[in-house]
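Good morning, and thank you for coming. Please look at the structure on the screen while I describe its pockets, its surface and its charged pairs.

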Amino acid sequence: MSAALRRFLIGFAWLTWAYRLTIFIAIAVAVYLFFFKALGILLFAIEIAWFIVRPVSAELRVWWRRRAQTGRARLALLAVLAAGALALMLMPWQRHVRAEAWLHAERAQTLYSPFAARVVMLREAGPVAEGELLAELDAPELRARLRRLRAGEQALELELAGMVARADGAWRRNLILETLARERASLASERDELARLRLQAPFAGELLDRDPLIAPGAWISERQPMAILVDPQSWVIDALVAQEDVGLIEPGARASFYRRNDPGSPLGATVMSVDRVRLRTLPDPVLADAHGGRVATVRDDAGALMPRDALYRVRLRPDLNGPPPRRIALGSARIEGARGSVLARWATHAISVLIRESGF
């Protein structure tokens with residue numbers, strides 16, 4: 001055959017091998033996922049052994065038997081290429097980790113009513129001092145219970161005072177004392193509940209996103225946010241890093257934050273801390289794909305959004321040379337990772353998958 005046809009057939013053979021490798025690995029993964037874990041592992045192993053390992057080993061045996069037909073120059077070239085590829089995979093490259101991230105105030109608190117209540121006062125948006133009253137609520141039913149408990153307490157106190165001069169009735173006195181103690185405990189508990197309706201600023205900051213529909217006299221539920229109190233002087237960036245990359249990041253590493261839909265220059269940052277426990281729930285619903293974010297989520301039994309994949313929080317301190325931001329910003333972070341080889345990364349990923357899938 002001609003040299004051109006020979007080269008075409010050799011290339012076609014390599015493409016066929018790559019195609020078959022991809023197809024059979026996909027079939028093995030599908031078989032593993034479609035059946036229960038014990039049977040899936042068995043079928044996966046059979047698929048890999050019969051359709052991938054067996055043909056590859058047979059082809060390698062043919063190569064070994066026909067090694068004398070390969071010229072020395074070609075053998076030397078193959079050895080150099082193999083050694084070079086291995087050296088590249090073992091070389092400790094400087095890596096950068098990319099992750100979804102968001103810029104937000106380090107201290108922020110959303111104002112909620114502790115229970116269903118009527119609004120008496122809600123402060124307008126703007127700067128507030130620590131301890132300043134932000135909202136005052138009222139619960140008429142709670143106040144009615146307080147009046148009943150107070151009337152009962154007074155009646156018991158009067159009855160107890162009238163028994164001082166009596167010589168008999170010690171058992172009645174003990175009973176009244178016990179009932180009075182319970183009444184006073186209930187009264188203290190209700191007073192504590194009433195005190196919770198006065199919402200004060202736990203720190204100095206700025207009140208933002210005040211609900212304009214909430215006015216004095218309106219009733220609100222415990223799930224309805226009224227406003228958000230933030231500390232505008234302290235901002236952080238939280239990056240959600242994948243499990244296979246979190247081990248590459250150490251405190252003190254440099255990073256860059258790229259705001260979404262913002263063509264301006266990135267914001268420099270420094271790694272403050274790296275969580276060693278995966279996120280169970282999203283820190284804010286705005287990150288979820290269901291609400292316009294880019295983090296894939298699922299809902300747990302309680303209906304809360306949780307990351308679909310294993311993600312770890314890496315907190316960054318932004319370099320704010322100018323005025324502090326006014327709003328949260330979604331984006332992505334590019335973090336300097338520790339030097340590591342490609343081969344070590346593949347091995348770590350393979351081990352993590354084995355550990356994750358080995359549980360029954």
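Three helices, α1 (3-34), α2 (37-65) and α3 (72-90), each supply at least two residues of the lining of the largest pocket. Helices (H or I, at least four residues) and strands (E, at least two) are DSSP runs, numbered from the N terminus. The model is a predicted one, in which local features need pLDDT of at least 70 and side-chain atom pairs count only at pLDDT 80 or more, while totals for chains, interfaces and linings use all residues. Residues are numbered from 1 along each chain as its sequence is written, and side-chain values use heavy atoms, with hydrogens and water left out.

For pockets, the search uses a 1 Å grid over the protein atoms alone: a pocket is an open set of points with protein on both sides within 12 Å along at least five of seven lines, a cavity is a set where a 1.4 Å probe fits but cannot get out, and lining residues have an atom within 4 Å of a point. Grid points are joined across faces, edges and corners, and a volume is the space filled by probe spheres set on the points.

The largest pocket has a volume of about 770 Å³. Its lining consists of 15 residues, and those nearest the centre are Trp14, Glu59, Trp63, Thr70 and Arg74. Which helix gives the largest share of this lining? It is α1, with five residues. By class, eight residues of the lining are nonpolar, two are polar and five are charged. Here Ala, Val, Leu, Ile, Met, Phe, Trp, Tyr, Cys and Pro count as nonpolar, Asp, Glu, Lys and Arg as charged, and the others, Gly among them, as polar.

The second largest pocket holds about 500 Å³ of space. Strands β1 (96-105), β2 (108-111), β9 (227-230), β10 (235-242) and β15 (311-318) each supply at least two residues of its lining. Of the 22 lining residues, Trp102, Ala108, Ile228, Asp284 and Ile328 lie nearest the centre. This lining has ten nonpolar, three polar and nine charged residues.

Leu21, Ile25, Val29, Leu33, Phe34, Phe35, Phe36 and Phe44 make a nonpolar patch of about 820 Å². A patch is made of residues with over 30% relative accessible area and no salt bridge, with like charges joined within 9 Å and nonpolar side chains (Val, Leu, Ile, Met, Phe, Trp, Tyr) within 5 Å. Accessible areas come from the Shrake-Rupley method with a 1.4 Å probe, and for residues only the protein chains shown count as cover. Helix α1 gives the most to this patch, with five residues. One member, Leu21, lies in α1 and is partly exposed at 41% relative accessible area. Buried means under 20%, exposed over 50%, and partly exposed in between (1.4 Å probe, protein chains only).

My last topic is charge. Side chains of opposite charge can pair when their charged atoms come close. A salt bridge is a side-chain nitrogen of Lys or Arg within 4 Å of a carboxyl oxygen of Asp or Glu, and by this rule the count comes to 14.

In one of them, Asp231 pairs with Arg107, the closest N and O atoms being 3.2 Å apart. This pair links distant parts of the chain, 124 residues apart: Asp231 is in the loop between β9 and β10, and Arg107 in the loop between β1 and β2. Asp231 is buried at 11% relative accessibility, whereas Arg107 is partly exposed at 42%.

Another salt bridge joins Asp138 and Arg118, with 2.9 Å between the closest N and O atoms. Asp138 lies in strand β5 (residues 133-138) and Arg118 in strand β3 (residues 117-122), so the pair ties together parts that are 20 residues apart in sequence. Asp138 counts as buried at 10%, and Arg118 as partly exposed at 26%. Arg118, Asp138 and Arg143 are linked in a network of salt bridges.
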